[in-house]
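Hi everyone, thanks for making time for this. Have a look at the structure on the screen, and I'll talk you through how its pieces sit together.

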Amino acid sequence: MRSRVGAYAIEIERLAVSAGLQAEFENAVMLPQIIIQHNGGLYLAAHRDDADPGLASAKNGQAFLLMVAAIAGAFEASLNRQ
């Protein structure tokens with residue numbers, strides 16, 4: 001999944017750059033990282049005694065990929081309308 005999402009995001013980033021939307025794409029793709037870091041901190045704070053960092057990391061990784069794919073999809077849809 002990681003390689004497919006990565007390839008898809010790179011392809012859409014190229015299209016965004018060619019449409020003059022590089023900064024917008026880069027800013028949008030930073031949001032998932034910020035969200036994941038925030039939520040990871042909240043999880044660990046809420047589960048100090050029973051936290052499973054490995055499980056949290058795996059779930060956060062999946063959530064990150066899904067958010068990046070959604071952002072790329074939104075850019076793709078927007079670029080296709082132009």
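Let's begin with the largest nonpolar core, which has nine residues in all: Ile12, Ala16, Leu21, Phe25, Ala28, Ile71, Ala72, Phe75 and Leu79. By nonpolar core I mean a set of buried Ala, Val, Leu, Ile, Met, Phe, Trp, Tyr and Cys residues joined through side-chain atoms within 4.5 Å. Buried is under 20% relative accessible area, exposed is over 50%, and partly exposed is in between, using a 1.4 Å probe and protein chains only. Two or more residues of this core come from each of helix 1 (2-18), helix 2 and helix 3. Which helix gives the most to this core? Helix 3 does, with four residues. As background, nonpolar side chains tend to be buried together in soluble globular proteins.

A quick word on where this comes from. This is a predicted model, where local features need pLDDT of at least 70 and side-chain atom pairs count only at pLDDT 80 or more, while totals for chains, interfaces and linings use all residues. Residues are numbered from 1 along each chain as its sequence is written, and side-chain values use heavy atoms, with hydrogens and water left out. The helices are DSSP runs (H or I, at least four residues), numbered from the N terminus.

Now zoom in on Phe25. Leaving aside neighbours within four places in sequence, Phe25 is in contact (heavy atoms within 4.5 Å) with Ala9, Ile12, Glu13, Ala16, Ala72 and Phe75.

On to the helix pairs. Helix 2 (residues 22-46) and helix 3 (residues 53-81) have axes that come within 10 Å and cross at roughly 155°. So helix 2 is roughly antiparallel to helix 3, a label used for angles over 145 degrees. The axes here are lines fitted to C-alpha atoms over the stretch in contact, and angles run from 0 to 180 degrees between N-to-C directions. The crossing of helix 2 with helix 3 is right-handed, meaning the near helix is turned clockwise from the far one by less than a right angle. Among the residues making that contact are Ala28, Ile36 and Tyr43 of helix 2 and Ala63, Met67 and Phe75 of helix 3. By class, the contact of helix 2 with helix 3 has 15 nonpolar, three polar and one charged. Here Ala, Val, Leu, Ile, Met, Phe, Trp, Tyr, Cys and Pro count as nonpolar, Asp, Glu, Lys and Arg as charged, and the others, Gly among them, as polar.

Next pair: helix 1 and helix 2 pack at about 145°, with axes 8 Å apart. Ala9, Ile12, Glu13, Ala16 and Val17 in helix 1 meet Gln22, Phe25 and Glu26 in helix 2. That gives five nonpolar, one polar and two charged residues.

And how do helix 1 and helix 3 cross? Their axes come within 9 Å, at roughly 30°, and the crossing is left-handed, with the near helix turned anticlockwise. This contact includes Val5, Tyr8 and Leu15 of helix 1 and Leu65, Gly73 and Leu79 of helix 3.

Last stop, a few single residues. Asp52 is in the loop between helix 2 and helix 3, and counts as partly exposed at 38% relative accessibility. Gly54 lies in helix 3 and is partly exposed too, at 49%. Ala74 also has its place in helix 3. Between Ala74 and Gly54 there are 30 Å, C-alpha to C-alpha, and they are 20 residues apart in sequence.

How values were computed. Angles under 35 degrees count as roughly parallel, over 145 as roughly antiparallel, 65 to 115 as roughly perpendicular and the rest as oblique.
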